[in-house]
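Here are some exercises to work through with the structure open beside you. Try each task on your own before you read its solution.

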Amino acid sequence: MHGFAYDAVHDEIVVTSPLAQAVLFFKGDANGETPPVRVIQGPHTQIDGPPNLGNDRVTVDPVNDEVYVPAVPSSILVFDRKAAGDAAPKRVLTGPDTGFEAPGIRGMATVAVDAVHNVMVVNHANRLLIFNRTASGNTKPLRVIGGPNSGVGQISSFQIYAPKGWILANGQGGFIGVWSIEDNGDVPPRWKIPVQQLTGYTASGIALDPAHEEVLLSCAGQRARPRDGIANAVLTFSWPEIYK
Amino acid sequence: MRSCVIDTEFPVAYIRGCRRNVMVAKLGRYGLIAGVGVGVFILGSSAVDRLWKRVTGAPRLISVEEVPDAGDSCYRPAGEETPRLSGPNHNLFSDFGEPSAEAQAGPGTVNLDRPPARILRDTSPIYSSVAVDDKNNEVFLQDNNLWSIRVFSRLDNAKPGAPPTEARRVIAGNKTDVQFNSCVYIDPINGDVYSVENDIGDVIVTFSHDATGDVEPVRKLRVTHRAYAMAMDEANQEFFVSIQHPPQVAVYRRGASGNEKPKRLLIGEKTQLTDSHGMAIDAKRKLLFVNNWGNSADDDKPGSGRFGPPSITVYRLDANGDEAPLRIIQGPKTTLDWPGAMSVNPDTGDLYVANDMGQAIIGFRSTDRGDVAPSRMIKGAHTGLSYPVGVFVDSKNKEVWASNIGNSTATVYPLTANGDAAPLRTIRSAEEGKQSLRFGKTQALAYDSTREQILVPN
């Protein structure tokens, strides 16, 4: 599994089943072999899966009751969070103006939503594409962060700290950087922690813990063997600067 | 500003931080975790970031209180039009004030060279597969956590109170290309060690029997993404590889390497292969067994995905193309639940299955079909089994081995064991009683701010 989400507002865990082309919602306290409370699955969903690597990440926007699923061909599907069964997406963001490079969007794109500033950000092809949150169809991004100075890389799941509009994403060379949703162009990150240099691990997922002013990173060996040989790890960094 | 009733389904509540703890468990191999609590949403603060911190930080429901229906409250009586915040460019947060974000204008990047405050990881091997070399009396264990193959004496036994079992040799390191491997196989003729990678590398690597340390494989065979298990048909000099998805069995000539193509493929709708995992062959009876988790889709048709029950499909050993199974073992009596590796007793034809989530090694007769109960089930508190995903029948010594993801062990039983049987011996690579983190591949994570728990899929 390359990405899933916890919805703190509705206390739900949202996961995808790529092989069955489904999005599943579980209660937050689910434990063991518990059935999902809802499943989005069926021909109207447009959800795909392998071998196109679609539907292996999911993002939830609990404020606006929406769920985002990258899909084929080079699209972002947006569902009503409460949808169940064979539900069609509310919106589909796709087309040449989006900047999604087919087939790269497939599976390798990940989405984060900023409900405060009403934007969605897509991490795709070493860029951060910033769209209006409700963008649909063949829409250009409002802004694009990318380029050698920015160092923006690719990651399985990234986050936005919405009160400040900070995007926390992966940088090429194994750092986690912080950009603003207002940044545009080849902009360096505001802060960065060189995770790989410090720990030998490359982050593959990011989660935020604002209450304790921390950032959590999942790390699974990606070809490069971690220096102490332990392939799987979860790292927690204190990062108060982004929460001030 | 006083509290308002806004058109929202969320309760109005006050929350505050609660105790901090961390819990990690399985989110499927893809599965899921949790604890206890109630998700809440808050209103009442005009400071957007404080409000966000409460929502995504450490919420715990302390009290739910009525908003006063008097004075200068903005409460609206029933029937009066209520402002909606769900328009395309409005939401709950944006109505609390001006967003606070600004483009980069400063001198550049602040480098924070601080170490992690905490690292959560398992320092022990996590065993995904087991194989026995009965000529040399050795047991090979595939380790998914430290990316290694560990070799032990077949008679090693970590008794209660004893330290962890020392491996005779370990194959590990950058040169080995051993990563997220799901199957180890020992060639019974020449002792070659095969290792199947399940995720990143898409290769089967082969080492000589005595390989140790950070060594290059003697052969590498590029295979289809999501290879899971392999088995050798010595008589026909062929080896079989199961692929999860698109579900198929690829058959290669013995000694295949590089980009060599399979001699034949068992693939297609008639095969009823779905999310295929474990595989075993019975060369004597000319049978091929494959287990399936039931998830399937037509990859050319988005939205065609479906969930089905797990099964074991049985084919002719030389099945080819879109060929239907001879019979199917499937149904609630089978107890199949994320079946992992499988192994056949060549003397009887009995099939042994590592039933991961069923916490058991289960057996079926060679001729079983339909919704049949296992003919044997090793399961219970005395077995030492903990999420067994590897199984191997050592017919020479009349033993069956299991590798356990849940406790860094391999356990061995008589072939005739049934019920809550204690193992004959245990290879243990962690302190006694250890419960593994069961990390398989920690690619993603999420933070459950309600319970202050980290969710990690594997």
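**Exercise 1. An open sheet in chain B**

Task: Find the order of the strands in the open sheet of 4 strands in chain B, and work out which strands stand at its edges.

Solution: 
- Step 1. In this predicted model, the strands of the sheet follow one another as β13-β14-β15-β16 of chain B, and they pair in antiparallel fashion.
- Step 2. Count the partners at the two ends: β13 (227–233) and β16 (264–267) of chain B have a single partner strand each, so each has one side without a neighbour in the sheet. These two are therefore the edge strands.
- Step 3. Going from one strand to the next, the twist averages 20°.
- Step 4. Now look at one pairing: strand β15 (residues 248–253) of chain B is joined to β16(B) by 4 bridges, and the two run antiparallel. Within β16(B), the residue opposite Gln248(B) is Ile267(B).

**Exercise 2. A nonpolar core**

Task: Find out which residues have the most contacts inside the largest nonpolar core, and then follow the contacts of Val241(B).

Solution: 
- Step 1. The largest nonpolar core holds 187 residues. Those with the most contacts inside it are Val121(A), Met230(B), Val241(B) and Val391(B).
- Step 2. β13(B) supplies the largest share of this core, with 6 residues.
- Step 3. Set aside the neighbours of Val241(B) within four places in sequence; its contacts then include Val196(B), Ile204(B), Val223(B), Ala227(B) and Met230(B). Val249(B), Ala250(B) and Tyr252(B) are also in contact with Val241(B).

**Exercise 3. Where the two chains meet**

Task: Describe the side of chain A that touches chain B, and find which element gives the most residues to it.

Solution: 
- Step 1. Begin with the totals: 90 residues of chain A are in contact with 85 residues of chain B.
- Step 2. Several elements of chain A supply at least two residues each, among them β1 (5–7), α2 (195–199) and β19 (232–238). β19(A) gives the most, namely 7 residues.
- Step 3. Sort the residues on this side of chain A by type: 45 are nonpolar, 32 polar and 13 charged.
- Step 4. Follow β19(A) across to the other chain: 3 bridges join it to strand β4 (residues 118–120) of chain B, and the two run antiparallel. Here Leu235(A) stands opposite Ile119(B) in β4(B).

**Exercise 4. Buried or exposed?**

Task: Is Ala8(A) buried or exposed?

Solution: 
- Step 1. Locate Ala8(A) in the loop between β1 and β2 of chain A.
- Step 2. Recall the cut-off: a residue is buried if 20 or more other C-beta atoms lie within 10 Å of its own.
- Step 3. Ala8(A) has 25 C-beta neighbours inside 10 Å, so it counts as buried.

Conventions: Residues numbered from 1 in each chain as written. Chains lettered and ligands numbered in written order. Predicted model: local features only at pLDDT ≥ 70, side-chain atom pairs only at ≥ 80, totals over all residues. Contact = placed C-beta atoms within 7 Å. Nonpolar A, V, L, I, M, F, W, Y, C, P; charged D, E, K, R; others polar. Pairing = 2+ DSSP bridges. Axes fitted to C-alpha atoms, helices over the stretch in contact; angles between N-to-C directions. Core = buried A, V, L, I, M, F, W, Y, C linked by C-beta atoms within 7 Å. Buried ≥ 20, exposed ≤ 12 C-beta atoms within 10 Å, placed from the backbone.
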